Amino acid sequence: MSFLEYAPAPESKSILNLKKSYGLFIDGEFVDGHGKPFTSISPADESPIRAVTAARRAYEKTWSRMSGSDRGKYLFRIARLVQERTRELAVAESLDNGKPIKESRDVDVPLVAAWFFYYAGWADKIHGEVIPAREDALTYTVREPVGVVAAIVPWNFPM
């Protein structure tokens with residue numbers, strides 16, 4: 001075996017109980033999509049997407065009104081769930097994008113949990129505070145929640 005080859009991994013797809021389709025989880029419920037499934041979105045007309053609208057509503061009605069401490073509790077819980085389901089998530093990740101199970105299991109999923117732990121730790125530390133950019137400066141940095149963020153993620157690290 002060369003140094004670039006991965007060792008066999010004991011994980012099996014049998015750990016997963018995957019459905020053919022899950023639909024979309026939007027605004028607290030699973031809903032069916034309309035029309036034929038697609039793999040990318042064109043922002044050509046800049047019309048609102050229901051998932052973004054639901055995320056904004058959740059932010060405005062609930063998330064932004066929670067204390068940083070309470071937001072942190074949710075983020076910590078997500079991190080723990082990721083850790084508890086590492087094997088399952090790693091197998092699903094490898095099936096989804098074709099990367100070796102060792103990489104998904106030993107790198108990707110643990111990094112996801114680590115990032116949730118990291119941001120959970122910050123949740124009650126940065127909230128609406130005003131920080132001078134320099135002692136003698138007239139400009140200030142304001143750290144406060146701003147709302148919904150969408151991201152385009154790399155194909156090989158979608159988690």
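Asp124 and Lys125 form a salt bridge, with their closest N and O atoms 2.9 Å apart; a salt bridge here is a side-chain nitrogen of Lys or Arg within 4 Å of a carboxyl oxygen of Asp or Glu. This is a predicted model, in which local features need pLDDT of at least 70, side-chain atom pairs count only at pLDDT 80 or more, and totals for chains, interfaces and linings use all residues. Residues are numbered from 1 along each chain as its sequence is written, and side-chain values use heavy atoms, with hydrogens and water left out.

**Salt bridges**

- Asp124 is partly exposed, at a relative accessible area of 38%, and Lys125 is partly exposed at 47%; buried means under 20% relative accessible area, exposed over 50%, and partly exposed in between (1.4 Å probe, protein chains only).
- Asp106 meets Lys102 in a salt bridge of 3.2 Å, N to O.
- Asp106 and Lys102 are 4 residues apart in helix α4, so about one helical turn separates them.
- Asp106 is partly exposed at 38% relative accessibility, and Lys102 is partly exposed at 34%.
- The side chain of Asp106 also meets that of Arg105 in a salt bridge, at 2.8 Å from N to O.

**Helix α4**

- Helix α4 covers residues 101-122, which is 22 residues; helices (H or I, at least four residues) and strands (E, at least two) are DSSP runs, numbered from the N terminus.
- From its first C-alpha to its last, helix α4 reaches 31 Å, close to the 32 Å expected at 1.5 Å a residue; the expected span is 1.5 Å times one less than the number of residues.
- The buried residues of α4 are Ile101, Ser104, Arg105, Asp108, Val109, Val112, Ala113 and Ala120.
- These buried residues of α4 pack against α2 and α3 (86-97), where contact means heavy atoms within 4.5 Å.

**Arg71 in helix α2**

- Arg71 lies in helix α2, which spans residues 68-84.
- Arg71 is buried yet has no salt bridge.
- The nearest side chain of opposite charge to Arg71 is Asp70, 8.4 Å away; Lys and Arg count as positive and Asp and Glu as negative, while His and the chain ends are not counted.
- The side chain of Arg71 reaches the backbone oxygen of Met66 at 2.6 Å.

Terms used: Polar contact = N/O pair within 3.5 Å; in protein donor to acceptor, adjacent residues only side chain to side chain.
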